[in-house]
Amino acid sequence: MKIRAFTVGVPLFGAPAPTFVEPLKRFREAVRRQCAAVGVQPLQLRLTLPPLPRIDPPPLKDVAARAHQLATSAEIACYCLPVDLTGEPPAAAVMEALPELLLSDPLMFLNLMVADKERIAAGNVDAASRVVLEVARHSGNRGENFRMGVSAACGPGTPYFPFSRHAGDAPAFSIASVPTPEVLALARRARQEQWTLDAFRDRLVDLLAEQMRAIDALGRKVAEESDVAYLGLDSSYAPVPSGGASVGDVLEALGPRPAGAPGSVFITSVLTDALRAAAHRARVPTVGFNGVMYALTEDHGLAKANDDGAFSLEKFALLSAVCGCGVDMIPVPGDMASTDLGGLILDVATLAVRIGKPLGVRVLPVPGMVAGDMTKLEVDMLSPTRVVGPGASDASAPLPCAMWRYLRPPRSA
């Protein structure tokens with residue numbers, strides 16, 4: 001089994017930051033000891049915060065300084081700051097300060113929340129889009145947008161950044177595990193030996209349930225030793241960057257070639273269904289996405305399929321209905337209009353609310369590039385691939401008017 005991250009949340013706004021230093025150190029040591037005992041090496045320890053308070057919020061620079069110092073003192077790799085846009089938006093000065101704050105702190109991830117489980121704050125989507133585009137404008141080819149996302153219906157305890165947030169009065173943690181290498185091996189065996197799809201699914205559920213039980217047992221031991229509450233696990237099929245296991249390769253082993261070709265939605269649904277069946281069989285608590293992650297630039301197989309023309313923004317939005325995290329790590333033109341980005345966010349948020357699953361939008365606007373150009377981002381873990389453009393639209397079209405600010409998506413009669 002492979003673990004992407006242990007993500008621990010603390011109620012930073014309810015107590016002074018130094019209060020949490022020793023508990024986080026105990027948590028870190030418990031993770032190290034328990035993982036060593038079972039021969040597992042987690043990729044990262046991460047810290048997540050509650051959403052920025054709406055009433056009398058502390059200065060953003062103070063929040064960032066406190067979180068940065070806490071992460072550094074506890075030897076934690078990074079932290080996530082959520083900003084709740086599902087109600088009245090923060091002051092304009094807060095939104096204007098976010099890009100500079102993110103770019104000045106390499107440990108920070110930013111989660112802009114535009115929808116809860118019942119409604120979309122459509123009137124705040126434009127503000128979120130402008131923050132995304134402003135970060136891109138100042139980061140150039142450094143690709144700093146990978147550290148920020150726009151989330152919809154993402155519950156507390158999600159271990160995957162940047163869509164994470166904490167809730168509650170005490171520290172708590174969750175685990176992001178990655179079954180993709182073993183699933184890829186199983187898919188290739190199924191293709192070689194010509195299993196039926198039902199036979200593959202049955203063996204996949206067995207494999208996933210066994211892994212989930214082991215990771216759940218690990219989480220409970222860490223909780224017992226550290227006295228930090230364990231929330232559950234997210235066992236999404238995520239890529240392993242830098243040439244590791246690819247979600248695109250899993251899809252192609254099961255039929256659709258290239259990944260993204262017709263049949264991809266069906267296979268994605270099969271994989272997601274198996275994951276949920278395994279969690280039910282293993283009787284483990286789950287948090288976060290628990291699906292198939294189409295993180296384009298983190299996945300060499302998906303990147304190659306994109307170069308072959310298999311994907312579009314519309315295809316990624318369609319796959320959101322059956323995959324894990326939405327439209328993720330997609331390079332888009334540097335001059336993408338905020339109305340186009342806002343429309344994409346609204347589409348994904350509508351899917352999240354209508355079908356009741358957490359989704360997010362994390363795009364990488366590349367300054368100076370247009371659809372079809374090959375990316376050259378200065379981030380080692382990202383695969384080069386072609387820029388994905390939006391469909392035809394009127395860039396001057398306005399976003400939804402103020403009367404739609406807190407919109408419940410219409411339901412079928």
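Trainee: Where does Pro162 sit?
Mentor: Pro162 is in the loop between strand 5 and strand 6. Keep in mind that this is a predicted model.

Trainee: What is the peptide bond from Phe161 to Pro162, cis or trans?
Mentor: That bond is cis, with omega near 5°.

Trainee: And what sits over the ring of Phe161?
Mentor: The charged end of Arg46 does, 5.2 Å from the ring centre. Trp195 also has a charge over its ring: the charged end of Arg203, 4.0 Å from the centre.

Trainee: Back to prolines. What joins Arg257 and Pro258?
Mentor: A cis peptide bond, with omega about -5°. Pro258 is in the loop between helix 7 (247-254) and helix 8 (264-282).

Trainee: What about Asn290, buried or exposed?
Mentor: Buried, at 9% relative accessibility. Asn290 has a positive phi too, near 50°, and is not a glycine. Look for Asn290 in the loop between helix 8 and helix 9 (300-307).

Trainee: Let's do the sheet. What is the strand order?
Mentor: The order is 7-6-1-2-3-4-5-9-8. That is an open sheet of nine strands with mixed pairing. Strand 7 (229-234) and strand 8 are at the edges, and each has a single partner strand, so one side of each has no neighbour in the sheet.

Trainee: How much is the twist from one strand to the next?
Mentor: It averages 25°.

Trainee: How do strand 1 and strand 2 run?
Mentor: They run parallel, and five bridges join them. Val8 stands opposite Leu47 in strand 2.

Trainee: And strand 4 with strand 5, parallel or antiparallel?
Mentor: Parallel, over five bridges. There, Ala115 is opposite Ala152 in strand 5.

Trainee: How many residues of strand 5 are buried?
Mentor: Five of the five, so strand 5 is largely enclosed by the rest of the structure. Both faces are covered. Met148, Val150 and Ala152 are on one side, with Gly149 and Ser151 on the other.

Trainee: Which strands does helix 1 lie across?
Mentor: Strand 1, strand 2 and strand 6. Helix 1 runs at about 160° to strand 1. Helix 6 (residues 197-226) packs on the sheet as well, touching strand 1, strand 6 and strand 7. The direction of helix 6 makes about 160° with that of strand 7.

Trainee: Which residues does Gln211 touch?
Mentor: Met1, Pro179 and Glu182, leaving aside residues up to four places away in sequence. Gln211 is in helix 6. Its relative accessible area is 11%, so Gln211 is buried.

Trainee: Switching to aromatics. How many aromatic pairs are there?
Mentor: Nine aromatic pairs. Take Phe6 and Phe27: centres 6.5 Å apart and planes at 70°, so that pair is edge-to-face. Phe6 is in strand 1 and Phe27 is in helix 1, 21 residues apart. Phe6 and Phe27 are both buried.

Trainee: What else does Phe27 pair with?
Mentor: Phe173, in a tilted pair: 5.0 Å centre to centre, with 55° between the planes. Phe173 is in strand 6, 146 residues from Phe27. Ring pairs link Phe6, Phe27, Phe173 and Tyr230 into a cluster.

Trainee: Last one, helix 11. What should the 18 residues span?
Mentor: At 1.5 Å a residue, 26 Å, and the end C-alpha atoms are 26 Å apart, so the two agree. Buried residues of helix 11 include Leu341, Ile345 and Val348.

Trainee: What covers the buried residues there?
Mentor: The cover includes strand 4 (108-115), helix 4 (125-139), strand 5, helix 10 (313-319), strand 8 and strand 9 (359-366). Just after helix 11, Gly356 has a positive phi of about 70°.

Terms used:
Residues numbered from 1 in each chain as written. Predicted model: local features only at pLDDT ≥ 70, side-chain atom pairs only at ≥ 80, totals over all residues. Heavy atoms only, no water. Phe/Tyr/Trp six-rings, centres within 6.5 Å; stacked < 30°, edge-to-face > 60°. Helix = DSSP H or I, 4+ residues; strand = E, 2+ residues; numbered from the N terminus. Buried < 20%, exposed > 50% of the residue type's maximum accessible area, 1.4 Å probe, protein only. Lys NZ or Arg CZ within 6 Å of the ring centre and 35° of its normal. Expected span 1.5 Å × (residues − 1). Contact = heavy atoms within 4.5 Å. Pairing = 2+ DSSP bridges. Axes fitted to C-alpha atoms, helices over the stretch in contact; angles between N-to-C directions.
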